[in-house]
Amino acid sequence: MLNRAIQEFRRGLMKRRGILVLVWAIILGVNTWTENLGDLLRLQSIGFKWNSSPDFLSFFYFEDISRIHSHFIIVKIGHFIGFAIFDLLIFNWTRNHKWSLVLSISFAVLTEILQLFFGRDGRLYDVIIDSLGVLTVYSILKYTRIVDHLN
């Protein structure tokens with residue numbers, strides 16, 4: 001009887017952790033796919049515009065890295081922290097950091113590529129910044145040996 005109650009509790013906990021991952025993925029998606037980031041930051045206005053023929057080569061542009069907008073540093077810190085939190089939530093849900101690394105970095109690539117379709121600037125350097133946030137979480141967990149105790 002107690003064993004069954006513990007299993008039910010664990011299933012419920014896993015479900016809640018999965019919901020947290022989904023909610024955070026939606027938050028990241030809205031922030032990366034909304035038509036105008038400035039309107040989102042200043043006016044809390046969300047809008048989407050579909051571009052069926054994006055310039056895929058622009059994904060590899062690096063020369064505009066600091067000229068995109070006036071909130072450049074804040075946005076890049078947001079990328080780093082947003083994906084660090086995403087990775088931490090996935091790790092907390094799966095208890096497997098290899099999977100959390102794969103899922104987090106894959107989602108970073110997906111969000112940047114999809115930005116090209118939403119009239120935004122999807123860039124490889126943003127994937128790198130997102131991935132650095134993910135790898136920082138991994139390093140902290142590995143260094144503190146939290147990963148070793150949970151796997």
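Is Arg123 buried or exposed? Arg123 is buried, with a relative accessible area of 4%; buried means under 20% relative accessible area, exposed over 50%, and partly exposed in between, using a 1.4 Å probe and protein chains only. The structure is a predicted model, in which local features need pLDDT of at least 70 and side-chain atom pairs count only at pLDDT 80 or more, while totals for chains, interfaces and linings use all residues. Residues are numbered from 1 along each chain as its sequence is written, and side-chain values use heavy atoms, with hydrogens and water left out.

Arg123 forms a salt bridge with Asp121, and their closest N and O atoms are 3.7 Å apart. A salt bridge here is a side-chain nitrogen of Lys or Arg within 4 Å of a carboxyl oxygen of Asp or Glu. Asp121, at 37% relative accessibility, counts as partly exposed. A search of the whole structure finds three salt bridges.

Another of them pairs Arg11 with Glu8, with the closest N and O atoms 2.4 Å apart. The two residues are three apart in helix H1 (residues 2-33), and so are separated by about one helical turn. Helices are DSSP runs of H or I with at least four residues, numbered from the N terminus. Arg11 is partly exposed at 48% relative accessibility, and Glu8 is partly exposed with a relative accessible area of 43%.

A further salt bridge joins the side chains of Asp126 and Lys76, at 2.6 Å from N to O. Asp126 lies in helix H5 (residues 124-143) and Lys76 in helix H3, so the pair ties together parts that are 50 residues apart in sequence. Both Asp126 and Lys76 are buried.

Helix H3 (residues 72-94) also holds Asp87. Asp87 is buried yet has no salt bridge.

What does the side chain of Asp87 meet in polar contacts? One partner is the side chain of Ser100, at 3.2 Å, and another is the side chain of Ser104, at 3.1 Å. A polar contact is a pair of N or O atoms within 3.5 Å; within protein, one must be able to donate a hydrogen and the other to accept it, and residues adjacent in sequence count only if both atoms are side-chain atoms. Leaving aside residues up to four places away in sequence, Asp87 touches His97, Ser100, Leu101, Ser104, Val134, Val137 and Tyr138, where contact means heavy atoms within 4.5 Å.

Definitions and conventions: Lys and Arg count as positive and Asp and Glu as negative; His and the chain ends are not counted.
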